[in-house]
Amino acid sequence: TDILHPMDIVEDIAVAYGYEKFTPEIPRVATIAEEDPFEKFKNKVAEILVGLNLTEVSTYHIINKDLQTTAMNQKADCISILNPTSAEYNSLRSWMIPSLLEVLKNNKHYEYPQRIFESGSVFTKKNNTPQETTKLAVLMSDTDANFTKIRQVCDALLQALNIKHAVKEADHPSFIRGRTASISINGREIAILGELHPQVLINLELEMPTAALELNLSELYSILDEE
């Protein structure tokens, strides 16, 4: 249970072999440490959203499959985990909004409004090959949470990044028809936003109207990198 990364295995082998048997040496490579550009971009996005009075949360990459599909009124080809130790964590998440909805479900006893966001990895299949992408999700839950307010967050974020975007009416089973839109940049769709469907709220035992945004940060960064 303490193996969370390949380096944990390296450490166990080093302990078994004996650290005192290693001979330290200075590598013959001169490098300058630098933060990964994409991480700097993610931090900038987070700073903007915090400035919009949103709170950052952190959730697991592993999630319940039904939470991603049945509870969200949709079918999705999720990547299942072979022999999961718990039914609650039996698949990799394919999008971010269900993870944040679970945060809302577990925090209903706190005061409203609840305005949260998270950027994290999602896992999908393309030609039966798993792909990892970084996406951002924003949730706003309150008595007056609506399409206009979640779009204002999206517009403010992209404006702060100096990005021109187009908004088009969209249809998605997890959102209310007529109160859903897709966001595109240079003809490439990067986000969807709107008011979550009442049935989704009932499925997750949520009592407040909730508006949501999901944006593909990897795609957005790629577009910015091309300019």
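Strand 5 and strand 6 pair in the antiparallel sense over 13 bridges. This is a predicted model. Within the pairing, Gly120 has Lys135 in strand 6 as its bridge partner.

## Overall build

The protein chain holds seven helices and ten strands. Its C-alpha trace spans about 65 × 45 × 40 Å along the principal axes. Of its 227 residues, 41% count as buried. The accessible surface of the chain is about 14,000 Å², and carbon and sulfur atoms hold 50% of that area.

Sequence separation is also part of the picture. Among contacts in the chain with a separation of 6 or more, 62% involve residues 24 or more positions apart.

Seven strands form an open sheet with mixed pairing, in the order 1-5-6-10-9-8-7. Strand 1 (55-56) and strand 7 (166-169) are at the edges. Each has a single partner strand, so one side of each lacks a neighbour in the sheet.

Strand 1 pairs with strand 5 in the parallel sense, over two bridges. Here Glu56 stands opposite Phe117 in strand 5. Strand 8 and strand 9 are antiparallel and share seven bridges. Ile183 stands opposite Ala191 in strand 9.

Three strands form an open sheet in the order 2-4-3, with antiparallel pairing. Its edge strands are strand 2 (62-63) and strand 3 (79-80), and each pairs on one side only. Strand 2 is joined to strand 4 (residues 91-92) by two bridges, and the two run antiparallel. Ile63 stands opposite Ser91 in strand 4.

## Helices across the strands

Helix 4 (residues 97-105) lies across strand 5 (114-126), strand 6, strand 8, strand 9 and strand 10. It runs at about 40 degrees to strand 6. Helix 7 lies across strand 5, strand 6, strand 8, strand 9 and strand 10. Helix 7 runs at about 140 degrees to strand 9.

## Two nonpolar cores

The largest nonpolar core has 31 residues. Leu49, Leu136, Val138 and Leu220 touch the most other members. At least two residues of this core come from each of helix 2 (37-51), strand 6 (129-141), helix 5 (147-160), strand 8 (175-185), strand 9 (188-196), strand 10 and helix 7 (217-226).

Leu49 shows some of the packing. Residues up to four places away in sequence aside, Leu49 touches Leu54, Phe117, Leu136, Val138, Val153 and Leu157. A second, separate core of 23 residues includes Trp95, Ile97, Val122 and Leu196.

## Thr210 in strand 10

Thr210 lies in strand 10 (residues 210-216). Is Thr210 buried or exposed? Thr210 has a relative accessible area of 1%, and because the cut-off for buried is under 20%, Thr210 is buried.

The side chain of Thr210 reaches the backbone oxygen of Met208 at 3.1 Å. Beyond its neighbours within four places in sequence, Thr210 is in contact with Leu101, Leu104, Leu139, Met140, Ser141, Ala145, Gly194, Glu195, Leu196 and Leu201. One of these, Leu196, is in the second core.

Technical notes:
Residues are numbered from 1 along each chain as its sequence is written. This is a predicted model: local features need pLDDT of at least 70, side-chain atom pairs count only at pLDDT 80 or more; totals for chains, interfaces and linings use all residues. Side-chain values use heavy atoms; hydrogens and water are left out. Helices (H or I, at least four residues) and strands (E, at least two) are DSSP runs, numbered from the N terminus. Buried means under 20% relative accessible area, exposed over 50%, partly exposed in between (1.4 Å probe, protein chains only). A polar contact is a pair of N or O atoms within 3.5 Å; within protein, one must be able to donate a hydrogen and the other to accept it, and residues adjacent in sequence count only if both atoms are side-chain atoms. Contact means heavy atoms within 4.5 Å. A nonpolar core is a set of buried Ala, Val, Leu, Ile, Met, Phe, Trp, Tyr and Cys residues joined through side-chain atoms within 4.5 Å. Two strands pair if DSSP finds at least two bridges between them. Axes are lines fitted to C-alpha atoms, for helices over the stretch in contact, and angles run from 0 to 180 degrees between N-to-C directions. Accessible areas come from the Shrake-Rupley method with a 1.4 Å probe; for residues, only the protein chains shown count as cover.
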